[in-house]
Amino acid sequence: MAEREKLTIPGEPRLSHRIREAAGRDALGHAAVLSGQGDLTAAARFLAAALQCRGADKPCGVCPDCRKALRDIHPDVIMVTDPDHKNVSVDVLRRVASGASVLPNEGRRKVYIFPDCSLLDGKAQNVLLKVVEDGPSHAAFLFCAANSASLLPTIRSRTTEWKLSPPPAAEPGERARELCQAVCSRKAAELAAFCAELENSKITREELKSLLSDSRDLFVSALAAAYTGQGDALAVRLSGEMGKYRLSAVAESLGGFIRQCNYNVGVGQLLGALAVELIR
C-alpha cells in the first residue's frame, strides 16, 4: 500500500506515523492516554486497530480485526460507558477489571477504551489501578482525556501518552476586520452604521462575543506589531495609524464587552454601548 493511502487519524498524520512505528516494534504497551484537542475517540480506535491488527503494517486498515475495531464492532474492543449515571460507576469499572482477565474472543488483545476520562472520579480510577498496573498481558487500556491531568498520577505513570496536535488558530472573520477598520478610521458615522447593521442582522449574544474576541485579537496583534514592526498588513496598518496607547485602550474596552456578553444583557444594548465607547 502506498504511503499516501495508509490509514491515518483524521488531521493527525504525524501521530499516526508514530503509533504505526511503535506498533511495528511491538512497543505500544498495555495502557495509553490519548490527550489534547481533536477526535480523541477516533485516535483511540486507530490505536485499538493497531493493537489488534494482524497485518505487517499496523494498523493496515484492511484486515478483519482492523475493520471491526474501526467500526466499533470488534468483540474484543470495548467502549466503557455508563449511560445510566452522570459518571462511570464503580460497579461498571469493577466489571471491566474482572472481564480483563478473560481471554479475547477473536482478537490479539482485549482492548478497553474510556472515551471521556472526565467521567472517571478518583474512586473509580483507583478501582482500575490494580488491573492497569498488573493486569494480564492480553488486556490493554486506552484513556481519552483532553487534559491528562484528569487522571491520577498513579494511572498516568503506568501509561504512554499520545498527544493530539492543537488545531490551527482560526482566521478572524471578515466582520472583525471591518470593525477594526472602522475603529481605525475614527469616523463616528461609520462605527455607528456598523453596529446598527449588526443589530439589524439579528446577531446573537454568542456570535457577538465571538466577533468581539476576534476583533480584540486583531488589536492585540497590532499592538505587538507596534513594538516589533512585524505582522500582517492589517496589524501593521492599525499599529501605524492608531498608536500603542489607543490600541491598548481599544483592546481593553473590547475585553470588557466580551465579559458582558456572558450576562443576560440585550444585544442591542451592548451594541449601542459599544458604538458610544469606540467613538469616544
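This is a predicted model: local features need pLDDT of at least 70, side-chain atom pairs count only at pLDDT 80 or more; totals for chains, interfaces and linings use all residues.
Visitor: Is Asp 72 buried, partly exposed or exposed?
Guide: A residue is buried under 20% relative accessible area and exposed over 50%, with partly exposed in between. The relative accessibility of Asp 72 is 41%, so this residue counts as partly exposed.

Visitor: What is the phi of Asp 72?
Guide: Most residues other than glycine have a negative phi. Asp 72 is a residue other than glycine, yet its phi is positive. The value is near 65°.

Visitor: In which loop does Lys 202 lie, and what is its phi?
Guide: Lys 202 lies in the loop between α8 (188–200) and α9 (205–228). With a relative accessible area of 69%, Lys 202 is over the 50% cut-off and therefore exposed. Although Lys 202 is not a glycine, its phi is positive, at about 60°.

Visitor: Which residues are joined by a cis peptide bond with omega of about -5°?
Guide: Most peptide bonds are trans. With omega at about -5°, the bond joins Lys 58 and Pro 59.

Visitor: How many disulfides does the structure hold?
Guide: A disulfide requires two cysteine sulfur atoms within 2.5 Å. For Cys 63, the nearest cysteine sulfur is that of Cys 60, 3.7 Å away, so Cys 63 is in no disulfide. For Cys 180, the nearest is that of Cys 184, 8.9 Å away, and Cys 180 is likewise in no disulfide. For the structure, the number of disulfides is zero.

Visitor: What is the relative accessible area of Cys 180?
Guide: The cut-off for a buried residue is under 20%. Cys 63 is buried, with a relative accessible area of 12%. Cys 180 is buried too, and its relative accessible area is 0%.

Visitor: How far apart are the C-alpha atoms of Pro 166 and Gly 38?
Guide: Pro 166 has its place in the loop between β5 (160–163) and α7 (174–185), and it is exposed, with a relative accessible area of 63%. Along the chain, Pro 166 and Gly 38 are 128 residues apart. The separation of their C-alpha atoms is 7.4 Å.

Visitor: What separates the C-alpha atoms of Pro 104 and Arg 280?
Guide: Pro 104 is placed in the loop between α4 (90–99) and β3 (110–114). Not counting residues up to four places away in sequence, Pro 104 touches Asp 76, Arg 109, Lys 110 and His 138. Arg 280 is 176 residues from Pro 104 along the chain, and their C-alpha atoms are separated by 71 Å.

Visitor: What is the radius of gyration of the protein?
Guide: The protein contains 11 helices and five strands. For its 280 residues the globule rule gives 19 Å, and the protein is well over this, so it is more spread out than a compact globule. Its C-alpha atoms fill a box of roughly 75 × 45 × 35 Å along the principal axes. The radius of gyration is 26 Å.

Note on methods:
Residues are numbered from 1 along each chain as its sequence is written. Side-chain values use heavy atoms; hydrogens and water are left out. Helices (H or I, at least four residues) and strands (E, at least two) are DSSP runs, numbered from the N terminus. The radius of gyration is taken over C-alpha atoms; the globule rule is 2.2 Å times the number of residues to the power 0.38. Buried means under 20% relative accessible area, exposed over 50%, partly exposed in between (1.4 Å probe, protein chains only). Contact means heavy atoms within 4.5 Å.
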